[in-house]
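Let's walk through a protein model together, from its overall form down to single residues. Keep the picture open beside the text and look up each part as we reach it.

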Amino acid sequence: MFTKGKYKGKAKAFFSLDGGGLEGVTVGGAGSKRYRATFRGPGGHSYGAFGLVNPMAAMSQAVVDFYKIPVPAEPKTTYSASVVSGGTSVNAIPREVWMEFDMRSESAEALASVEKKFLATLQQAVATENEARSTKEGAITVEPKLIGDRPAGQTPLTADIVQYATAAYRAEGLPISYGAGSTDSNIPISLGIPAITISRVSEGGRGHSLDEWISVEKPGNLKVKRIGLTMILATAGM
């Protein structure tokens, strides 16, 4: 949309809808790096081949060591071991297992530091397993594959789009705060296009969990809609 096709070069501002709450708007794009790390080994029968290296053990060690990586509270920097799969049978040493990892930060430098330590952790976990058990049928290897890359950045508070958001909140009698998050605004921000993310509902919580919830109460949600519409119309010059 921004770099090719009929709208290339035409976007002057960008709004994204995400999250819930009347606390403020997202003006900063928290960058993210996402990897799928695939661990492979010779596999074998869990009883007959006991003692051979196990990719599951290497992956488990990688997760334990990953969660020992220190990160700063400011700029906020986070990580997560999120999705796992692999193996073929309960009575077999797996030949292949994989896990997906997520790392985020408001700072590109802090994100790069965590990414470097994460990749080193994978290699160290493989080396540890290859030293701990037999490699006579083959050694453990790991293949980290980048599956997600969102750049970090920020829309200046002096940008018109932010000033319109501030005015819209004040018109509703609400205080406004400015935060950062990993949203659809990241890409336009990285391209120099003023972008912010605003709430889609007045209240919500427990995002990305099975008990995620949002408010459907009319008064608060009407405020959200008025704020959003005011910002869009003002940015469009209407």
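## How to read the model

This is a predicted model, in which local features need pLDDT of at least 70 and side-chain atom pairs count only at pLDDT 80 or more, while totals for chains, interfaces and linings use all residues. Residues are numbered from 1 along each chain as its sequence is written, and side-chain values use heavy atoms, with hydrogens and water left out.

## The whole chain

The protein chain has 5 helices and 13 strands. Here helices (H or I, at least four residues) and strands (E, at least two) are DSSP runs, numbered from the N terminus. The C-alpha trace spans about 75 × 40 × 35 Å along its principal axes. A compact globule of 238 residues would have a radius of gyration near 18 Å, but this chain has 23 Å. That radius is taken over C-alpha atoms, and the globule rule is 2.2 Å times the number of residues to the power 0.38.

How much of the chain is buried? Buried residues make up 38% of the 238 residues. Buried means under 20% relative accessible area, exposed means over 50%, and partly exposed lies in between (1.4 Å probe, protein chains only). The accessible surface comes to about 13,400 Å², and 55% of it belongs to carbon and sulfur atoms. Such areas come from the Shrake-Rupley method with a 1.4 Å probe; for residues, only the protein chains shown count as cover.

## Two domains

The domain assignment gives domain 1 (14-30 + 153-236) and domain 2 (31-150). These bounds come from an automatic or database domain assignment. Taken over C-alpha atoms, the centres of domain 1 and domain 2 are separated by 36 Å. The contact between them takes 7 residues from domain 1 and 6 residues from domain 2. Contact means heavy atoms within 4.5 Å. Within the chain, residues 24 or more positions apart account for 76% of the contacts with a separation of 6 or more.

Helix α1 (residues 55-66) has 12 residues and should span 16 Å at 1.5 Å a residue; its end C-alpha atoms are 16 Å apart, which agrees. The expected span is 1.5 Å times one less than the number of residues. At the N-terminal end, Asn54 caps α1, with a side-chain oxygen 2.8 Å from the backbone nitrogen of Met56. The buried residues of α1 include Ala58, Met59, Ala62 and Phe66. What do the buried residues of α1 pack against? Their partners are β3 (31-40), β5 (77-86), β7 (96-105) and α2 (108-132).

Helix α2 has 25 residues and reaches 36 Å from its first C-alpha to its last, close to the 36 Å expected. Among its buried residues are Leu111, Val114, Phe118, Leu122 and Val126. An α-helix has 3.6 residues a turn, so residues three or four places apart point the same way. The buried residues of α2 pack against β3, α1, β5, β7 and β8 (141-150).

## Two buried loop residues

Ser185 is found in the loop between β10 (177-181) and α4 (186-190). Is Ser185 buried or exposed? Ser185 is buried, because its relative accessible area is 2%. Leaving aside neighbours within four places in sequence, Ser185 is in contact with Phe14, Ser16, Ala195, Ile196 and Thr197. The side chain of Ser185 also reaches the backbone oxygen of Ile196 at 3.2 Å. This is a polar contact, a pair of N or O atoms within 3.5 Å; within protein, one must be able to donate a hydrogen and the other to accept it, and residues adjacent in sequence count only if both atoms are side-chain atoms.

Thr155 sits in the loop between β9 (153-154) and α3 (160-171). At 2% relative accessibility, Thr155 counts as buried. Not counting residues up to four places away in sequence, Thr155 touches Val27, Ile161, Val162, Ile189, Pro194 and Ala195.

## Backbone angles to look up

Most residues other than glycine have a negative phi, and most peptide bonds are trans. The peptide bond from Glu74 to Pro75 is cis, with omega near -5°, and Pro75 is found in the loop between α1 and β5.

Arg206 has a positive phi of about 55° although it is not a glycine, and His208 has one of about 65°. Arg206 lies in the loop between β12 (204-205) and β13 (213-214), and His208 is also found between β12 and β13. Arg206 counts as exposed at 52% relative accessibility, and His208 counts as exposed at 83%.
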